[in-house]
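Welcome! Take a moment to turn the model around on your screen, and then let us walk through it together.

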Amino acid sequence: MSLRERMAEMRRYLSVVMICAILHNLIVISANWLGLYSVLALLLSFVVVTPTGYVLHTLHTFGEGFSWARFARFTSGIIGGSLISLAVMFLLCTVLKVAVFIATPLSTLALFIWNYSSARWAVVAAPKRPW
């Protein structure tokens, strides 16, 4: 992949990430505002944002086809990221007593590199089947 192609992919990735990050932050902050515990708010976000992100990355970012195997790999990457997010939220909100509306965007930033690597692995770097 040329540098120009990689940069175009990164721009597409960033556009999808922004959509997913905004959706995630809206879900977590709104759910918390409505009284839902932060862990449950993160689970709700996971259920909504994971398939949304997979569809957008598959169609827009990487231009690859859909498959259950790719979705499973994508979901496993998101689970890893969700564990990171959960740990960051616990540290910031429970231990350090940082407000959720501040902690949520900080945890989102912490996931940026992890999510790009895992999304690319799930959608593009998947083993090609000979059949």
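In what order do the elements of the protein run from the N terminus on? They run α-α-α-α-α, and the secondary structure comes to 5 helices and 0 strands. Here helices (H or I, at least four residues) and strands (E, at least two) are DSSP runs, numbered from the N terminus.

Before going further, please note that this is a predicted model, in which local features need pLDDT of at least 70, side-chain atom pairs count only at pLDDT 80 or more, and totals for chains, interfaces and linings use all residues. Residues are numbered from 1 along each chain as its sequence is written, and side-chain values use heavy atoms, with hydrogens and water left out.

Let us begin with the overall dimensions. Along the principal axes, the C-alpha atoms fill a box of roughly 50 × 30 × 20 Å.

Now find helix H1 (residues 3-33) and helix H2 (residues 38-61), which pack at an angle of about 160° with their axes 9 Å apart. Axes are lines fitted to C-alpha atoms, for helices over the stretch in contact, and angles run from 0 to 180 degrees between N-to-C directions. H1 and H2 are therefore roughly antiparallel to each other, a label for angles over 145 degrees, with under 35 counting as roughly parallel, 65 to 115 as roughly perpendicular and the rest as oblique. The residues of this contact divide into 15 nonpolar, 10 polar and 2 charged. Ala, Val, Leu, Ile, Met, Phe, Trp, Tyr, Cys and Pro count as nonpolar, Asp, Glu, Lys and Arg as charged, and the others, Gly among them, as polar.

H1 also packs with H4, at an angle of about 155° and with their axes 10 Å apart. That makes H1 roughly antiparallel to H4 as well.
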